[in-house]
Amino acid sequence: MPSLEAYSLEQIKKLEQSGRLRRLPGALPAGMVSFGSNDYLGLSQHPAVIAAAQAAAGQYGAGAGASRLVCGDYPLLSQLEAKLAEAYGAESAMVFGSGYLTSIGVIPALVGKGDLILADKLIHACMLDGAALSNAKLKRFRHNDVAHLKSLLAEHRPQYRQVLVLTESIFSMDGDAAPEAEIAALCTAHDAWLLVDRAHQLDTRATKTAITMGTLSKAYGSYGGFVAGSAALVQYLRTAARSAMFTTALPPAAVGAALKALEIAKAEAWRAEKAIENAYCFSNKFQNSSIVPHVVGSNEAALALSAKLRKAGFFVPAIRPPTVPEGTARLRFSFTALQEMHHIKEVIACLKS
Ligand SMILES: *Cc1c(COP(=O)(O)O)cnc(C)c1O
């Protein structure tokens, strides 16, 4: 057998033995109620968003044809950036191919060898990949532990040129919120920069001192990512963020859809409110997010529970390491504006049965 095939099969076997092999689940069968989507506001299927995608493709074509710095720039991109900056209260914004590409472009543009990154223990993989690409020294602070971050800053800040702190406003697998104001104040006091990933934040409130990154692929129902901050930062990133410079600009349909989605999200605040209310009805715990984890522990137990719910007509993904820490495999319930109260009551009953 050629060595590449042998290697691949060997790796598959290892992943399978540790319960980590992922399989494509295929499209959900018709009628299945999903608690797995990040389409929190229900905008990916909104007729006006789809029409905007079609109109943008009709006017500008199916693809951008080149990187923006070459000749892939078209007016919708700057229009979207202006709207994002306005929405997040920033001077300027810059669009990327995805949230992932935003992270791996922005972080290495800001820090490198001789710099320090202090990252919350639970940050998303895309920020860890950005940190690795940057070659800065990476240290982690305990999840949402401001005192731990403070002690790390006090101990290590003096030895490094720049320090970048990484966190998420709403954590993707736990649904809890970072103590952002306290972290921002600490960063200001220690002259550290703060990058906050707002991929799962349903409102657009943002700390003035933080650099915001986010995605167009979740609440906005389209595809793409963005960073928002000062005009100087964005101007610098245009010729420093390699994941934007050396890649083709977003396709017009995605940008047209995101522009319309941003408009609807703002005009129809009930969408975000309903998603959060649905999460509250399920968890009975007030939180400002639409994500509720149901931690089971072992990979096998999480997969079994997910399969049981699926049989009853509910899709709830089992999330396993390395997405979450070892021993905390879980069902991740995500709530959207389009779920009905009876769906939530039924899934609770099924979970208890
Ligand atoms: C999904 C996600 C991203 C990546 O966004 P994409 O646009 O899907 O690439 C980044 N950060 C967090 C916290 C996410 O959950």
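Here is a short walk through one threonine and some aromatic rings in a predicted model. Local features need pLDDT of at least 70 and side-chain atom pairs count only at pLDDT 80 or more, while totals for chains, interfaces and linings use all residues. Residues are numbered from 1 along each chain as its sequence is written, and side-chain values use heavy atoms, leaving out hydrogens and water.

Let's start at Thr215, in strand E7 (residues 211-215); strands are DSSP runs of at least two residues and helices (H or I) of at least four, numbered from the N terminus. Thr215 has 9% relative accessibility, so it counts as buried (under 20% relative accessible area; exposed is over 50%, partly exposed in between, with a 1.4 Å probe and protein chains only). Leaving aside residues up to four places away in sequence, Thr215 touches Gly99, Ala199, Tyr220, Gly224, Gly225 and Phe226, where contact means heavy atoms within 4.5 Å.

Now for the rings: the whole structure holds 9 aromatic pairs. Rings of Phe, Tyr and Trp (its six-membered ring) pair if their centres lie within 6.5 Å, with planes under 30 degrees apart stacked, over 60 edge-to-face and the rest tilted. Tyr280 and Phe286 make a tilted pair, 6.5 Å centre to centre with 55° between the planes. Tyr280 is partly exposed at 37%, whereas Phe286 is exposed at 64%.

Phe282 and Phe335 are tilted too, with centres 5.2 Å apart and planes at 40°. This pair links distant parts of the chain, 53 residues apart: Phe282 sits in helix H12 (residues 270-283), and Phe335 in the loop between strand E12 (329-334) and helix H14 (341-352). Phe282 is buried at 13%, as is Phe335 at 0%.
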